[in-house]
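This report describes how the parts of one protein model are arranged. Please look at the sequence and the structure below before reading on.

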Amino acid sequence: MDESFKVALEPDGEGWRIALWGDIDVAADEAVRAALARALARTRSHVILALSDAAFLDSTAINNLVLAHKAAQAASVRLIVQPGPPAVMRTLRIAGIDWLLGLCD
């Protein structure tokens with residue numbers, strides 16, 4: 001795994017929390033998808049996706065967020081996306097998915 005990112009999966013009550021650190025790009029794709037799949041398979045409650053320590057999102061990360069939203073809906077699991085730093089939020093806004101993830105004011 002590349003040292004420029006980190007993905008952590010931990011229990012959160014009846015759900016799961018996925019924390020992302022660093023550059024969430026194509027190098028992080030496999031780890032992010034695996035964490036999302038594990039979290040969604042283990043809960044019927046919620047998955048929290050914490051972007052507070054993410055530094056950068058590329059198109060692969062944006063695609064994974066859209067796929068996470070769709071997978072959560074299909075599994076009837078609540079996806080909660082915790083906002084990230086201004087640069088990450090700007091990327092989500094420019095990509096037009098901030099509203100999809102419930103991040104609009």
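## The loop residue Thr43

Thr43 lies in the loop that joins α1 to β3; helices (H or I, at least four residues) and strands (E, at least two) are DSSP runs, numbered from the N terminus. The model is predicted, so local features need pLDDT of at least 70 and side-chain atom pairs count only at pLDDT 80 or more, while totals for chains, interfaces and linings use all residues. Residues are numbered from 1 along each chain as its sequence is written, and side-chain values use heavy atoms, with hydrogens and water left out.

Is Thr43 buried or exposed? Its relative accessible area is 2%, so Thr43 is buried; the term buried means under 20% relative accessible area, exposed means over 50%, and partly exposed lies in between (1.4 Å probe, protein chains only). Leaving aside neighbours within four places in sequence, Thr43 is in contact with Glu14, Gly15, Trp16 and Val77, where contact means heavy atoms within 4.5 Å.

The table lists polar contacts, that is, pairs of N or O atoms within 3.5 Å; within protein, one must be able to donate a hydrogen and the other to accept it, and residues adjacent in sequence count only if both atoms are side-chain atoms.

| Side chain | Backbone atom | Distance |
|---|---|---|
| Thr43, polar atom | Glu14, oxygen | 2.8 Å |
| Thr43, polar atom | His46, nitrogen | 3.5 Å |
| Asp58, oxygen | Thr60, nitrogen | within 2.9 Å |

The contact from Asp58 is found at the start of α2.

## Helix α1

Helix α1 comprises 13 residues (residues 29-41), which at 1.5 Å a residue should span 18 Å; its end C-alpha atoms are 18 Å apart, in agreement with this value. The expected span is 1.5 Å times one less than the number of residues.

Which residues of α1 are buried? They are Asp29, Val32, Ala35, Leu36, Ala39 and Leu40. Seen down the axis of α1, these buried residues fall within an arc of 140°, so they line one face of the helix; the arc is that of the directions from the helix axis to the C-beta atoms. The exposed residues Glu30 and Ala41 are carried on the face turned away from the buried side. The cover over the buried residues of α1 includes β1 (5-12), β2 (15-24), β3 (46-57) and α2 (59-74).

Asp29, in helix α1, is buried, with a relative accessible area of 19%. Not counting residues up to four places away in sequence, Asp29 touches Thr60 and Asn64, and both Thr60 and Asn64 are among the buried residues of α2.

## The strands around β2

Strand β2 is mostly covered, with 7 of its 10 residues buried. It pairs with β1 in the antiparallel sense over 8 bridges, and with β3 in the parallel sense over 8 bridges; two strands pair if DSSP finds at least two bridges between them. Lys6 has Trp21 of β2 as its bridge partner, and Ile24 stands opposite Leu57 in β3. The hairpin of β1 and β2 has 2 residues between the strands, and Gly13 there takes a positive phi near 60°.

## Helix α2

The 16 residues of α2 should span 22 Å at 1.5 Å a residue, and its end C-alpha atoms, 23 Å apart, agree with this. The buried residues of α2 pack against β2, α1, β3, β4 (78-82) and α3 (86-95). Just after α2, Ser76 takes a positive phi of about 55°.
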